[in-house]
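Subject: Structure handover

Hello,

My notes follow below it.

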Amino acid sequence: MKAGGRTPDGCSRGRGIPRGREWVGQFADLASSGKPSVCWDDRDSVSSSRGLRDKTPPIVRPEQGGVSSGKVRDKNTAEHSNCGPDICPFDICTGDIIGPVKLNLSLLQVNREKRRERELSKNVPQHRYLGPGMVLLKNFISHQDQVHIIKLCRELGLGLGGFYRPGYRDGAKLHLQMMCLGKNWDPESRLYGVKRPFDGAVPPKIPEEFKNLVEGAFQASHDFVRQNSKSDKSVEDELPWMLPDICLVNFYSNDGRLGLHQDRDESKDSLHKGLPVVSFSLGNSAEFLYGAERDVDMAEKVVLESGDVLLIGGKSRLIFHGVSCVRVDTAPKRLIEETKLKPGRLNLTFRQY
Ligand SMILES: O=C(O)CCC(=O)C(=O)O
Ligand SMILES: [Fe+2]
């Protein structure tokens, strides 16, 4: 499906972007204040620019006079009323999910959800071959694993090195919250490093359970490619195996998005070999665009739903891709009940440096 035009559910982002501001990406808004004046919970005036650093203004660091100057990332001491865009803790869930989970779903809703899950698992495979080295594993992550991932990301996201929202000097910001695991990715320099430059935090390790899921996704996608690829290459050549040492975790609120970009900050060797980026989607669905050029009108569109895993490697490793919108209220109800995930979408992308 091509990406251009208004979608049935009214998602029509990516239009009317000022031509003179192409550096912010095709889905971006511009904050007008010229200063990073919002705290993290204000997610209405943000923009995206991942992968477009060459044309982006620098991120405002505390030492550069941003309003966050001097603050430390500590959820107990952070001054929420006057914190800058880059160091206030951000909770992806509402309320307390520690302790026994209380389900508020009616029996009818529970049964409907269970039926949905049964139907999904009956109709395997619904996986899709999107191109050479590009596979979408539908509903790959089980409900229980999705719950676990969300809870763990919540916990890690509230600690040191947790979620933050990169902001730029002129007030434009990525339209998402981000946390790095394994290595830090710095949107300003587009370099990976051991520490976050602005607060010195060392990113948490990638949990082993996440790595196991990535391994399972490779196995499933290799089986799938074997059956579906028309290429005479071996599956290992078409979709090389990788061991993730980086995971970027994004939380998109319902108005979140990410402009078309390439993931090309990993090592030359990794890019040269086409080592895949493996992407997990949880929560609300997203409209995901991809294509050979940074052009929304030329891009293909696929909907990523909760539990889907997308692998982008081999010949597709450097495709342009982005999230044009999040579809409101599309997350499985049981998942929201059990995790209290805020309205939005959680995305994890695993890479090998
Ligand atoms: O959210 C997504 O599906 C894509 C995320 C992405 O492209 C990135 O983190 O580089
Ligand atoms: Fe990306």
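Is Ser 285 buried or exposed? Ser 285 is buried, because its relative accessible area is 4%, and the cut-off for buried is under 20%. Keep in mind that this is a predicted model.

Ser 285 sits in the loop that joins β8 (277-283) to β9 (286-291). Leaving aside residues up to four places away in sequence, Ser 285 touches Val 303, Leu 304, Glu 305, Cys 325, Val 326, Arg 327, Thr 330 and Arg 345.

The chain as a whole

The chain has 353 residues, and 55% of them count as buried. It contains six helices and 13 strands. Take the contacts with a separation of 6 or more: 79% of them are between residues 24 or more positions apart. The accessible surface of the chain is about 15,600 Å². Carbon and sulfur atoms hold 51% of that surface.

The annotated site

The unreviewed UniProt entry lists His 261, Asp 263 and His 321 under "binding site". These residues spread over 61 residues of sequence, yet they cluster in space, with a largest C-alpha distance of 8.6 Å. His 261, Asp 263 and His 321 are also part of the lining of the largest cavity.

Asp 263 is in the loop between β7 (258-261) and α5 (268-273). Asp 263 is buried, since its relative accessible area is 6%. Residues up to four places away in sequence aside, Asp 263 touches Leu 271, Val 277, Arg 317, Leu 318, His 321 and Arg 351.

His 321 belongs to strand β12, residues 320-326. His 321 has a relative accessibility of 8%, so it counts as buried. Again not counting residues up to four places away in sequence, the residues that His 321 touches include His 261 and Asp 263 from the annotated set. His 321 also touches Gly 259, Leu 260, Gln 262, Phe 288, Leu 289 and Tyr 290.

The cavities

How many cavities of 30 Å³ or more does a search of the whole structure find? The search finds three. The largest cavity has a volume of about 160 Å³. It is lined by 19 residues, and the closest to its centre are Ser 279, Phe 288, His 321, Asn 347 and Thr 349.

Six names to keep at hand: β6 (246-253), β7, β8, β11 (309-312), β12 and β13 (344-351) each give two or more residues to the lining of the largest cavity. The largest share, four residues, comes from β13. By type, the lining divides into eight nonpolar, seven polar and four charged residues.

A loop elsewhere in the chain

Pro 132 lies in the loop between β1 (128-131) and β2 (134-137). Pro 132 is partly exposed, because its relative accessible area is 42%. Along the chain, Pro 132 and Lys 315 are 183 residues apart, but their C-alpha atoms are separated by 5.9 Å. Not counting residues up to four places away in sequence, Pro 132 touches Glu 238, Gly 313, Lys 315 and Ser 316.

Best regards

Definitions and conventions
Residues numbered from 1 in each chain as written. Chains lettered and ligands numbered in written order. Predicted model: local features only at pLDDT ≥ 70, side-chain atom pairs only at ≥ 80, totals over all residues. Heavy atoms only, no water. UniProt positions renumbered as here; feature names shortened; annotations may be inferred. 1 Å grid on protein atoms, 1.4 Å probe; cavity = no way out; pocket = protein on both sides within 12 Å on 5 of 7 lines; lining within 4 Å. Buried < 20%, exposed > 50% of the residue type's maximum accessible area, 1.4 Å probe, protein only. Contact = heavy atoms within 4.5 Å. Points joined across faces, edges and corners; volume = space filled by probe spheres on them. Nonpolar A, V, L, I, M, F, W, Y, C, P; charged D, E, K, R; others polar. Areas by Shrake-Rupley, 256 points an atom, 1.4 Å probe, with all protein chains shown as cover.
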